[in-house]
Structure formats: C-alpha cells, structure tokens
Amino acid sequence: MFRRVLIPLLLAASLLTGVACNKKKAANPLSHINSKQPDKVLFDRAMEAMKEHKYDVARMTLQTLINTYPDSEFVARAKLTVGESWYQEGSSAGLAQAETEFRDFITFFPNMPEAAEAQLKIADIHYRQMEKPDRDYTHARRAQDEYRQLLLQYPDSKLADVARKRLLEVQEVLAEREFRIAHFYYQRQSLLAAVARAKTLTDKYPLYSRADEALYILGQAYEQQAERIRDSKISDTLKQELTKGFLDSAANAYSKIVTRYPAMPFYQDARKRLVAINRPVPTPTPEAIAQNKKEQASRVLSTRYDRFVNNMQKRPDTSTAAKFGEPTLVDPKDTDAPRLVREINSAVKSEMDAKSGSGKISVETVKEGGKVPENQPLPRSPEAAVNPSDVPAQAPPQLNESASSSSGEADAKASSSTDAAKDDSKNASSSHKAKKKRHFHLPIPL
C-alpha cells in the first residue's frame with residue numbers, strides 16, 4: 001500500500017520540477033538576446049560587473065560597446081564609466097588613467113551635463129592624493145585648480161556646491177602651509193620674508209581658520225621692521241618716511257582683524273596694538289560680526305583623539321575648514337620679499353645720490369649733418385715741470401775716503417781743466433789704494 005502511494009508522489013514531484021525549470025529558463029532575459037537592444041545589453045552587463053568589482057571585465061564590455069556601436073545613446077555613459085572603473089580601483093596608475101579618460105570625455109562631449117561630473121572626478125583624483133601641509137603640495141594645488149575650473153565653467157551645475165565645499169578644504173590645507181612658513185620666518189627674525197608670506201596668505205585665503213593670527217604676525221613684523229629702521233644709520237628724513245610707512249601697514253593689518261574677524265581670538269590684541277601705535281580703532285559692523293560667527297560655527301572642533309588619529313594618517317586634517325562663505329577663485333598678486341628689499345635699498349640709494357649730487361652722466365649727442373667738435377689738447381704748462389724725485393741727490397762723501405783725497409779734489413776744482421783731470425786720476429788711484437789698505441786692516445766680526 002505504501003509503495004503504491006509513494007510511486008505516484010515521486011512521479012508528480014519530478015513533473016513539477018521539470019515544469020519549474022522550464023519556467024525559470026524562459027524568464028532569463030539573456031536567453032532571447034534579440035528581444036533587447038544589444039548596446040543596452042552590453043551596458044547592463046558592464047554595470048553588473050562594476051557592482052561585483054570586476055573592473056577589467058566592465059572595461060572590456062564597455063570598450064566593445066564603444067567600438068561596435070559608435071552611434072549608440074550609451075556611448076557617452078560608457079566612456080564615463082570606463083574612467084569610473086579606473087577611479088574605483090584607486091591605485092596611482094589607475095587614478096592617472098582615470099584622469100585621462102575623464103579629460104577625453106570632456107573633449108568629446110563638452111556640452112553634456114555629465115561633463116561637470118567628469119570635471120569633478122578629475123578634481124577628486126587630486127583631492128584623494130592630497131598630503132599634509134608640511135609635505136608635497138602638488139596635488140593640493142592641482143585640486144584647487146580643477147575645482148576652480150568646475151565652478152567657473154559650470155556655475156549652474158548641481159555639483160557646484162560639492163566643489164565649493166571641497167575647494168574650501170583644499171584652500172585650508174594650502175593656507176596652513178603658508179602660515180607655517182610665515183611663522184617660521186617670523187620666529188627667526190626674517191621680517192620681510194615673514195611679511196611676504198603672511199600678506200600673501202591673508203590676501204588669498206580670507207576664510208582660513210587662523211587668518212586673524214596671520215594678520216597679527218603681519219602687523220608685528222611691520223612694527224619690528226620699523227624699529228630696525230629707527231636704529232639704522234640713515235638720514236632722519238628717510239628714517240621718518242620709512243618708519244611711517246611700516247607703521248601704517250601694521251595699522252592696516254590690525255584694523256582688518258578688528259573689522260573682518262571680530263569673533264576670533266586676536267580681536268582684542270589687535271585693538272591694543274592700534275592704541276599702542278597711536279592709530280584709530282575701527283568698529284566692526286553687525287553684518288561683519290554675524291558673518292564671522294557663521295564661519296566659526298561651520299568649523300568642526302577636533303578633539304585630542306582626532307588629532308592623534310590624524311597624525312597617523314597620510315591625509316591632512318580638513319575639519320577646521322569653513323563650510324560657509326565663498327572660496328577665492330582668482331589668486332591676487334603675490335607679495336614678493338625681494339621686491340620689498342629692493343624698494344628699501346632704492347630709497348636709501350636715492351637719498352645718497354641726492355646728497356652727493358645727481359650722480360648722472362650726461363651724453364652729448366651730435367645731430368645728423370652736424371659738425372663733430374675737435375678734440376681739445378691736453379693742458380700743459382709753458383715749461384715741463386720736473387718731478388723733484390726724478391732728480392738724483394748729491395752722493396754723500398764716502399766714509400772710507402782719506403783726507404788727502406778730499407784736499408786733492410778741492411785743489412783740482414781750483415786748477416785748470418787739464419790739471420784737474422790729471423789730479424782726479426791721481427786722487428782716484430790713491431783713494432783706491434787707501435780703500436784697499438783700510439779694508440785689509442778692518443777686524444772681521446764673529
């Protein structure tokens with residue numbers, strides 16, 4: 001009885017299984033490939049491979065789609081996905097290839113909405129490779145340029161807000177680098193170098209989290225440079241002029257802290273320095289106070305643990321970057337330290353030239369067809385002056401000459417020329433014998 005019931009049940013189960021398998025086979029969308037567009041099928045396969053992280057399979061499928069169906073509506077998305085596959089791999093070589101693919105997409109499809117997406121990906125490639133402020137800043141500079149390009153070329157894109165926030169983070173890293181260099185120069189009393197770095201920083205990155213401290217360093221460097229001018233050995237007029245210029249620049253730096261950053265820590269210090277150098281203290285507007293408070297509230301305060309973890313990482317800490325405000329899209333002109341030195345040296349040199357005369361050389365020009373003046377003769381006196389040093393002095397009498405030779409010379413001068421010549425020859429021979437005789441008897445020193 002049990003066997004009779006079991007056999008029909010097994011037959012029914014096998015039939016149901018076969019029917020189910022046949023239904024599953026018919027439901028497979030890839031079994032009838034002609035029922036769909038082939039370019040769409042290839043694109044779907046590539047997207048499935050992307051989800052499974054099979055990037056090489058996805059690239060081969062997409063490349064097949066691009067080469068086989070160049071007029072397909074999926075070609076643009078396929079080229080963008082090829083770059084995305086390299087981007088998601090994340091290696092240095094992959095990121096470089098991804099940048100090439102995204103730039104090719106912008107070249108071939110500049111008017112498509114996806115061009116802004118490709119530009120954002122190019123900027124993100126350098127954003128991912130950005131290092132800390134004390135390391136190589138090449139990728140930070142490149143990321144800043146690419147984000148600026150997106151904001152300037154695609155200002156109405158939906159991705160503009162994302163690019164703006166990341167650009168503020170990149171500029172925070174670049175500003176931190178400039179601040180450290182300016183602080184280094186200031187501590188070592190390279191004042192003009194500190195002035196150049198601090199002023200460039202505050203002009204380029206007004207939303208930097210320590211912009212008030214950078215302006216305070218700038219004002220202090222100007223004040224100390226004015227003290228050096230007071231102690232220098234130049235005229236009082238030039239000393240007063242240079243000192244006044246440096247103190248005015250320091251007052252401008254302190255006034256900017258008071259009016260632009262009233263909610264930041266160095267606000268009170270800037271007011272005190274303005275009073276100390278006898279400059280008026282401005283009053284910040286309510287709008288400036290509200291704006292600075294919003295900027296401060298948008299920053300994320302990192303804890304000690306966060307800073308410790310960040311020190312172990314390669315990426316920089318961008319938590320202090322402002323999330324409110326507009327980043328700088330066009331860099332102002334940099335302040336050059338050698339130019340500051342040249343300005344001071346030029347002022348000192350001009351004063352020295354004014355004291356000593358014009359210091360200029362006039363050149364006489366001869367017009368065409370004019371007569372060239374003749375050269376003037378050298379000035380000479382009627383009789384050539386003789387240098388006294390050129391006339392030899394009379395030789396002193398020899399110590400080893402005898403008395404007879406000297407008396408013989410006196411007699412020779414009084415006699416005639418013939419007798420004088422004879423006497424001179426006799427005296428010369430006698431003096432020579434006397435010299436020999438006297439030299440023979442001289443004691444030899446030990």
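Mentor: The structure, which is a predicted model, holds 1 cavity of 30 Å³ or more.

Trainee: What makes a space a cavity rather than a pocket?

Mentor: A cavity is a set of points where a 1.4 Å probe fits but cannot get out, whereas a pocket is an open set. In this structure the largest cavity has about 80 Å³ of space, and its lining includes Leu168, Gln171, Glu172 and Ala175, together with Tyr205, Pro206, Leu207 and Tyr208. Ala322, Glu326, Pro327 and Thr328 are also among the residues that line the largest cavity.

Trainee: How do the residues of that lining divide by class?

Mentor: The lining of the largest cavity divides into 8 nonpolar, 2 polar and 2 charged residues. Tyr205 and Tyr208 belong to this lining, and Tyr counts as nonpolar in this scheme.

Trainee: What is there to say about the largest pocket, and which residues lie nearest its centre?

Mentor: About 420 Å³ of space lies in the largest pocket, and of the 17 residues that line it, Glu176, Arg180, Asn310, Asp317 and Thr320 lie nearest the centre. Helices α8 (160-187) and α14 (304-311) each supply at least two residues of this lining, and the largest share, 4 residues, comes from α8. By class, the lining of the largest pocket has 8 charged, 5 polar and 4 nonpolar residues.

Trainee: Turning to the helices, why is α2 called roughly parallel to α4?

Mentor: The axes of α2 (residues 38-51) and α4 (residues 75-89) come within 12 Å and cross at roughly 15 degrees. Angles under 35 degrees count as roughly parallel, and therefore α2 is roughly parallel to α4. The contact is made by Phe43, Met47 and Met50 of α2 and by Arg77, Ala78, Thr81, Glu84, Ser85 and Gln88 of α4. These contact residues divide into 4 nonpolar, 3 polar and 2 charged, and α2 passes α4 in a left-handed crossing.

Trainee: Is the crossing of α10 and α12 left-handed or right-handed?

Mentor: The crossing of α10 and α12 is left-handed.

Key
Residues are numbered from 1 along each chain as its sequence is written. This is a predicted model: local features need pLDDT of at least 70, side-chain atom pairs count only at pLDDT 80 or more; totals for chains, interfaces and linings use all residues. Side-chain values use heavy atoms; hydrogens and water are left out. On a 1 Å grid over the protein atoms alone, a cavity is a set of points where a 1.4 Å probe fits but cannot get out, and a pocket is an open set with protein on both sides within 12 Å along at least five of seven lines; lining residues have an atom within 4 Å of a point. Grid points are joined across faces, edges and corners, and a volume is the space filled by probe spheres set on the points. Axes are lines fitted to C-alpha atoms, for helices over the stretch in contact, and angles run from 0 to 180 degrees between N-to-C directions. Angles under 35 degrees count as roughly parallel, over 145 as roughly antiparallel, 65 to 115 as roughly perpendicular and the rest as oblique. A crossing is left-handed if the near helix is turned anticlockwise from the far one by less than a right angle, and right-handed if clockwise. Contact means heavy atoms within 4.5 Å.
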